[in-house]
Amino acid sequence: MLPSEILVAIPTYNNAKTLAHVIVGVLQKHNHVLVIDDGCTDETTAILLTFDKQIQIVRHEKNQGKGAALYSGFLHAKKHGYRSIITIDADAQHQPQDLPLFIEKVIARPDALVIGVRDMQSQQAGFVPKSSLFGRAFSNFWVFAETGRLLKDTQSGFRAYPVVEAIYQGLSQKSYAYEIEIIVHALWQNCSILEIPIQVYYPKNRISHFDPWQDNLKLTKLHTRLFLMNFCSIVSFGNLFRTKVRPLAINEKKGAALLHFFFALGGTRLCYLLAIFPLGFFYFVDHQSRRAMSSFYKRLHIAPSRGFRNFFYFALSLIDRLAICHDQRTIKQRVTCARNTQLVSGSILVGGHYGDWLLCGLGLSKIASVKIALFVNQKINPQMMQRLTDLTQDQVKVVFLGDEGNNALLAKDYLDQGYCLGFMADRVEGIARKITIPFLGQEKDFSLIPFKIAAITGAPLFFFSCKKAGFMPSSPYLLAIKPLLASEHEAKSLAHCYVKELESTVRADPRHWFNFV
Amino acid sequence: MRHQELCQDIKSLLLSVTNLPANEQKEIDNHTPLFKGGLGLDSIDVLELVVSLEKRYGVKIRNDEKGQQALANVASIADEILHHQRHT
């Protein structure tokens, strides 16, 4: 990479006192400078005019937040063919003398996100507020919990970003929280992160637009969300969140280092205690999921506040899945079969996001000598899947039902080999064949795939679910299997029959409905 | 059964198991790709076709490389059936 492919961006909001000094300092080290005026109402415009054509300017009519300013900078850099952006704060806490360190690093590693680690302990640091030190430690800890990587300064604004779309996609924040979110997303997307030591100077009367209440609340919400996204991905429940970006190539051990540590320390009991708090908190911050659950209870004519129980049971189920990761054979013993149904080889089992389908797999492996292939709509944590297969001595496999190629044919291959196939039909992301059926008094899309396969191949069709009886770590999971219509019927009738069964199961005990979309 | 007759048979089978629009029905020739760039069949259509072929001709088409090649177009399916008949 050439130095001319690097853009130094200075986002600013009412930093008129220090801005000129920062721009002059930066221009001494680099020629390609962008100032993002985030709706300034002070003398910023006049100051920028004095630099004439020496700098590039992007202006927001209204103040939108630092995250929005950085995103505008990214769009500008992309449009003008830059390959890397170095961001530096306009409040003069960073020293432009450190810029060559970044430029050198970026030229050597254009693919990496480089973070300047501020030396807050040195005498040159000036008046470092205690809240900044705490804020930094707090964020470092949470980024570790979300990604397994312990970084030294996740709140530093002096950074170099590669201009790569993937890192910026799906970011939800516009405020300061954006800078944290982008680090977590970058780590989830396997982007390298490098750290270099930099100087920092906090003057006595520094102007900061960080609102200790508003911004800390936003950060707390963000961390709760990211932590849970990571947790759900580890235990293969990533589908829960409506987001474009998921922890993709996450390493299970690294990604849930904190949870694994607690699990190793105190097993399920301790994790139940610890994880209930953030999950309970999640109930208060994730409005979309809570709204979906309220609407679900309203349709059942039950008080919407009862939705909290679903989040609670969902939390327990996530932790029990963690036990699969830890190869705890006791989890297998806890899954019991409620009905003594004979399951024949080559059957199709259809369930929903009711109770825990992975634990269903564990339970199914106990009832007979049948082999099970659980078909999933999206790629999920491969290590987790391998654990499940190992724990069931190859009796249960998880297969990705992709939207391309011959996957229905793959399903037939498994049926021919005597496998029973398991499907979830109540979510339709990435599914082309859908059917709309009234469910709890409202039209809802279901996947038609398992019913089509059953109708075409003539495989017997069963409904299955697995719910936790009680809320103690030792409470068993009850696996229920019920035969549906004989598969001489056409796919649509089979789907209607399934929805009827799902509805009666949900009505009988709504606490285990985990379809939060 | 000769190759050409077999191709006609497969085409009518294809029409009965898939709901192709009328204008596409006329356009099927022996070498029209069944998937992308051709008829655009999805995986369920293919399953339906494979099960019908199995019932009628006893030929088993699997989800492997050989199966993929056999399902390229009507002519390749006919080849696979003739190959199966010669070896049973």
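**View 1. Overall make-up of chain A in the predicted model.** Chain A is built from 18 helices and 16 strands, and 58% of its 517 residues are buried. Of the contacts in chain A with a separation of 6 or more, 74% join residues 24 or more positions apart.

**View 2. The interface between chain B and chain A.**

**View 3. Charged and polar pairs across the interface.** The rule finds four salt bridges between chain B and chain A. One of these links A:Lys412 to B:Glu54, with the closest N and O atoms 2.7 Å apart. Counting residue pairs in polar contact, with both residues at pLDDT 80 or more, gives five between chain B and chain A.

View 4. Because eleven of the 15 residues are buried, helix 3 of chain B is largely enclosed by the rest of the structure. The buried residues of this helix are B:Ser43, B:Ile44, B:Asp45, B:Val46, B:Leu47, B:Leu49, B:Val50, B:Val51, B:Ser52, B:Leu53 and B:Tyr57. Their cover comes from both chains, and includes helix 16 (407-416) and helix 17 (449-457) of chain A as well as helix 1 (3-17) and helix 5 (74-86) of chain B.

**View 5. The two ends of helix 3 of chain B, and B:Ser52 within this helix.** At the start of the helix, a side-chain oxygen of B:Asp42 reaches to within 3.2 Å of the backbone nitrogen of B:Ile44. After the helix comes B:Gly58, which has a positive phi, near 75°. B:Ser52 is found in helix 3 of chain B and, with a relative accessibility of 16%, counts as buried. Setting aside residues up to four places away in sequence, B:Ser52 touches B:Leu13 and B:Val17.

**View 6. The contact between A:Ser156 and A:Ile198 in chain A.** A:Ser156 is placed in the loop between helix 5 (130-147) and strand 6 (159-162) of chain A, and its relative accessibility of 0% makes it a buried residue. Apart from neighbours within four places in sequence, A:Ser156 is in contact with A:Ile115, A:Gly116, A:Arg118, A:Glu179 and A:Ile198. A:Ile198 lies in strand 7 (residues 193-198) of chain A and also counts as buried, at 3% relative accessibility. Not counting residues up to four places away in sequence, A:Ile198 touches A:His94, A:Asp98, A:Phe102, A:Gly116, A:Val117, A:Arg118, A:Asp119, A:Ser156 and A:Phe158. For A:Asp119, the separation from A:Ile198 is 79 residues in sequence, whereas the C-alpha to C-alpha distance is 6.3 Å.

View 7. Most residues other than glycine have a negative phi. A:Asn14, although not a glycine, has a positive phi of about 50°; this residue is found in the loop between strand 1 (6-12) and helix 1 (16-29) of chain A. With a relative accessible area of 16%, A:Asn14 is buried. A:Asp394 is likewise not a glycine, and its phi is positive, about 65°. A:Asp394 lies in the loop between helix 15 (382-391) and strand 11 (396-400) of chain A, and at 51% relative accessibility A:Asp394 counts as exposed.

Note on methods: Residues numbered from 1 in each chain as written. Chains lettered and ligands numbered in written order. Predicted model: local features only at pLDDT ≥ 70, side-chain atom pairs only at ≥ 80, totals over all residues. Heavy atoms only, no water. Salt bridge = Lys/Arg side-chain N within 4 Å of Asp/Glu carboxyl O. Polar contact = N/O pair within 3.5 Å; in protein donor to acceptor, adjacent residues only side chain to side chain. Buried < 20%, exposed > 50% of the residue type's maximum accessible area, 1.4 Å probe, protein only. Helix = DSSP H or I, 4+ residues; strand = E, 2+ residues; numbered from the N terminus. Contact = heavy atoms within 4.5 Å.
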